[in-house]
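Colleague: I am new to reading protein models. Could you walk me through one, feature by feature?

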Amino acid sequence: MQPNLLTPDALAARWNITNGTLSQWRWNGKGPQFLKIGRRVLYRIEDVEAFEKQQRRTSTSAPTKTIPPSTEL
């Protein structure tokens, strides 16, 4: 696999969450953008890092910043 792509298992391990959580986020349109190639789901590292950056806060009451989706593949 290319180093700039993560599987759901790899991303779940990176964030210490379950693969099921990622699956729910995909279903609900939350979480980072992903690629669906056939039956495979892959995450571009650029999209993961953009999502992580979007989650940064200075306080628990700070609103979420919206980052426009990338148009590149």
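**Charged side chains and a helix pair**

Modeller: Let's begin with two residues: Arg 44 and Asp 47 are both buried (under 20% relative accessible area with a 1.4 Å probe and protein chains only; exposed is over 50%, partly exposed in between). This is a predicted model, where local features need pLDDT of at least 70 and side-chain atom pairs 80 or more, while totals for chains, interfaces and linings use all residues. Residues are numbered from 1 along each chain as its sequence is written, and side-chain values use heavy atoms, leaving out hydrogens and water.

Colleague: How many salt bridges are there?

Modeller: A salt bridge is a side-chain nitrogen of Lys or Arg within 4 Å of a carboxyl oxygen of Asp or Glu. By that rule there are three. Arg 44 meets Asp 47 at 3.0 Å, N to O, and Arg 44 also meets Glu 46, at 3.9 Å. Through shared partners, Arg 44, Glu 46 and Asp 47 join into one network. Glu 46 counts as partly exposed because its relative accessibility is 37%.

Colleague: Which residue forms a salt bridge with Arg 14?

Modeller: That is Glu 52, with the closest N and O atoms 2.8 Å apart. This pair links distant parts of the chain, 38 residues apart: Glu 52 is in helix α3 (residues 45–54) and Arg 14 in helix α1. Helices here are DSSP runs (H or I, at least four residues), as are strands (E, at least two), numbered from the N terminus. Arg 14 has a relative accessible area of 41%, so it is partly exposed.

Colleague: How should I read two packed helices?

Modeller: Two packed helices are described by the angle between their axes and the distance between the axes. Axes are lines fitted to C-alpha atoms, for helices over the stretch in contact, with angles from 0 to 180 degrees between N-to-C directions. The axes of α1 (residues 8–15) and α2 come within 8 Å and cross at roughly 110 degrees. That makes α1 roughly perpendicular to α2 (65 to 115 degrees; under 35 is roughly parallel, over 145 roughly antiparallel, the rest oblique). Contact means heavy atoms within 4.5 Å, and the residues making it include Pro 8 and Asp 9 of α1 and Trp 25 and Arg 26 of α2.
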